Amino acid sequence: MKTEREVCCSCGYVIRDRYVVKVSDRLWHAHCLRCTVCHMVLDRQPTCYIRGESIYCRTDYVRQFGAKCAKCCRTIHASDWVRRARDQVYHLACFACDACKRQLSTGEEFALHENRVLCKLHYFESLDGGNGSNDENADHDQQQKAKTKRVRTTFTEEQLQVLQANFNLDSNPDGQDLERIAQITGLSKRVTQVWFQNSRARQKKYLNNQVKKAHASALANVSSATSCPGCGMIYCLCPSLHIHIGQVA
């Protein structure tokens, strides 16, 4: 409630309104409490932020002063999956070796070398390279091997849980769903698409094996029921069988 001679911290005029807005023991007119960046009125917002003499809405405060990924420098939101290395924070997809571009998994050894994230293998290679080598042919061979070596994608347990849950809902998602799943897991759309293709192939192979086992089991039951006790053949030509059939007829 308003008291006598209350002055707005924004415009400097006496507040003659019935109600005042109070934030951190400072008073404003309701229409004067605005975000410094987007100028949105904040009197009916659940939160606002003060830094120095400036006032921010939640969105602009997080954009300017929130945690940012050490790799891509984009804002890290509360719903994002992150990796922490010392005092730096990374998006899940950004936490990859700078040399081979392979995403690092939980529990895997890595190194921060000159503000670069390196897997264990390339960290030791960088140390060996620092000692200096005059063998140009060896360096050329290593570069060729690095180019031709296939980079395998590794998935974390969290990523596999998300992928499997979406596969159970729809084993063949469209492009929009693939982009959504890729954004949630921090993987690229291409990697996500390949994972679904491989999973469908494994599922098809499993179902085919189950059908073959069922057919084999049915054939075994038929064979045991119609085979001759004398010769073991399904279509028996034993004389005794013909005699037996003749007597029954």
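These legends go with a few close-ups of the structure above.

This is a predicted model, where local features need pLDDT of at least 70, side-chain atom pairs count only at pLDDT 80 or more, and totals for chains, interfaces and linings use all residues. Residues are numbered from 1 along each chain as its sequence is written, and side-chain values use heavy atoms, with hydrogens and water left out.

**View 1. The whole chain.** Of its 249 residues, 24% are buried, meaning under 20% relative accessible area; exposed is over 50% and partly exposed is in between (1.4 Å probe, protein chains only).

**View 2. Y49 against Y61.** A search of the whole structure turns up 8 aromatic pairs: Phe, Tyr or Trp rings (six-membered ring for Trp) with centres within 6.5 Å, called stacked with planes under 30 degrees apart, edge-to-face over 60 and tilted for the rest. Y49 and Y61 make a stacked one, at 4.5 Å centre to centre and 10° between the planes. Y49 sits in strand 3 (residues 49–51) and Y61 in helix 1 (residues 58–65), so the pair ties together parts 12 residues apart in sequence. Y49 is partly exposed at 22% relative accessible area, and Y61 is partly exposed too, at 21%.

**View 3. W195 against F196.** This pair is edge-to-face, with 5.2 Å centre to centre and 80° between the planes. W195 is buried at 9% relative accessible area, and F196 is buried at 1%.

**View 4. A tyrosine cluster.** Ring pairs join Y49, Y56 and Y61 into a cluster.

Note on methods:
Helix = DSSP H or I, 4+ residues; strand = E, 2+ residues; numbered from the N terminus.
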